[in-house]
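The report below goes through selected residues, a sheet with its covering helix, and some overall values. Please read it alongside the sequence and the model.

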Amino acid sequence: MDEQRVPAGGPPRWRPGPPWAGARDDGTPARRWPWPSTLLVTVFVLAGSQFAARAQEGERVGLDPAARVLLVATGLLLLWRSRHPVAVVWATAATTLAYLAAGYPYGPVFLAFAVACFTAVVAGHRTAAWSAVAALWTGHLLLAHWLYRWLPPAGDSAAPWGTELATATWAVAIVALSELARARREQWARERAERAQAARRRADEERLRIARELHDVLAHSLSVIHVQAGVGLALLDTDREQARTALSTIKGQSKEALGEVRQVLDTLRAPGDAPRAPAPGLDRLPELVEQAARAGLTVEVEGEPPRLPPHTGVAAFRILQEALTNVVRHSGSRHARVRFAREGGALDLRVDDDGPATGTDAGGGGNGLAGMRERAAALGGTVEAGPRPDGGFRVRALLPLTPKEAGR
C-alpha cells in the first residue's frame with residue numbers, strides 16, 4: 001500500500017480503483033481530459049487505416065477526406081469517455097458503422113470503440129457496453145450480408161462467414177478483457193476499503209485505550225487529592241502537622257499522576273518508541289494500598305496475585321485501581337477487601353466494600369465501569385459490578401491468564 005500524507009481536514013480517502021481507472025479520491029469521475037491517450041489512439045487508427053487502404057486497394061473504397069474526418073471524429077470522442085462513458089460507447093459504435101457502411105477499408109477502425117467499451121465496463125455501465133457491442137456486431141452483419149448490395153463499393157459481394165466468426169471472437173475478447181479489468185478494480189476497491197477500515201479501527205482502539213488510561217490515572221489521583229485536601233482544610237487550624245502530612249500526600253500523588261499522564265502523552269508524540277517507564281502491574285499493589293490508606297481507606301488483601309502477562313497485569317492493576325477509587329468516592333465504608341484467586345485458567349479478582357453508597361453512582365458509573373469492562377473484554381475476560389446480597393458493593397473481574405487478543 002502506498003503511503004499517503006494526511007490532509008489537514010482529516011485522514012486520507014482511498015481511491016476506489018487503480019490509477020488508470022479515472023477516478024478521484026472521492027470516487028467521482030476524473031475531470032482531467034485524457035488528451036495523450038486519445039491522440040495516441042487517433043494517430044494509430046489513421047496510420048493503420050492508411051496501410052490497410054493500400055492492402056485492400058481495389059476491394060474497398062479508398063481513404064478520402066470524409067473517411068479521415070470519420071476516423072478523427074471517432075478517436076476524439078474518447079476525450080469524453082470518463083465523463084460520459086455510455087454516450088461515448090454508443091457514439092463510437094455509430095461512427096464505426098458509418099465508416100463501414102461507406103465501404104472504407106477494414107483496419108484498426110474498431111480500436112476506438114474497444115477503448116470506449118473498456119471504459120464503460122470498468123466504470124460499471126456493463127449493460128450499455130454489452131448492448132453497444134451487440135448493436136455493432138448486428139450492424140456489421142447487416143452491412144456485410146444484406147445491405148452491401150446498395151452500398152459502396154459497387155459490385156461488392158457478401159463477406160465470408162469466417163470473417164463474422166472472427167468479428168464475434170474479437171467482440172467477446174473485448175468484453176472479457178473489460179470484465180476482467182472491472183473485477184480487478186472492484187477487488188482493489190474492497191482491499192483499499194478494508195485497509196482504511198482496519199486503520200480506522202486501530203485508531204479508535206488506540207483512542208479508547210488512551211482515554212481509559214487517562215481516566216484511570218486522573219480519577220484515582222484526583223480522588224486521593226480531593227480527600228487529602230479536605231483533610232488538610234479541616235485540620236489546618238487544629239492540627240498543623242496532620243495538615244502538613246495531607247499536603248505532602250497531595251504533592252506526591254499529583255507528581256505521580258503527572259508522570260503517568262506524561263507517559264501516556266509520550267506514546268502519542270512518538271508511537272514507535274518504547275515507553276520510558278514500565279507499564280503498571282500487580283507488583284505495585286503495596287503502593288496502591290498505601291495510596292488508598294492516605295485517602296482514608298483501609299484495604300485488606302487476601303491471596304497472592306499470580307505472575308501475569310504484561311497486558312493482563314496492566315488491566316488487573318487498572319481495574320483494581322478504579323474499584324478502590326470508586327470505594328473512596330462513592331461508598332460510606334472506609335474498609336475494602338481485595339481477594340485474588342484462580343478459577344480455571346483465569347484470575348478471579350474481587351473488590352468488596354460494606355457500603356452504604358453515599359451517592360447515586362454507587363460503585364462508580366459511566367466511564368469507570370465501562371473502562372473496566374472494556375479492559376477485560378479486550379483480553380477475553382469479564383467484569384461484573386453490583387450490590388451484594390448482604391449489603392455493600394462488589395466488583396469482580398475474571399481475566400484469562402493467557403489472554404486472547406481482541407478482534408482475532
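Does Thr-42 count as buried or exposed? At 7% relative accessibility Thr-42 counts as buried, where buried means under 20% relative accessible area, exposed over 50% and partly exposed in between, with a 1.4 Å probe and protein chains only. This is a predicted model, in which local features need pLDDT of at least 70 and side-chain atom pairs count only at pLDDT 80 or more, while totals for chains, interfaces and linings use all residues. Residues are numbered from 1 along each chain as its sequence is written, and side-chain values use heavy atoms, with hydrogens and water left out.

Thr-42 lies in helix H1, helices (H or I, at least four residues) and strands (E, at least two) being DSSP runs numbered from the N terminus. If neighbours within four places in sequence are left aside, Thr-42 is in contact (heavy atoms within 4.5 Å) with Val-72, Gly-75 and Leu-76. Trp-33 lies in the segment before helix H1, which spans 35-55.

| Residue | Relative accessible area | Class |
|---|---|---|
| Trp-33 | 37% | partly exposed |
| Thr-42 | 7% | buried |
| Val-261 | 18% | buried |

Val-261 has its place in helix H7, residues 240-269. From Val-261 to Ile-210 the separation is 51 residues in sequence and 9.8 Å in space, taken from C-alpha to C-alpha.

S4 and strand S5 (residues 393-400) run antiparallel and are joined by six bridges, and Thr-382 stands opposite Leu-398 in S5.

The protein has ten helices and five strands, and 40% of its 408 residues count as buried. Among contacts between residues at least 6 apart in sequence, 69% join residues at least 24 apart.

Technical notes:
Two strands pair if DSSP finds at least two bridges between them.
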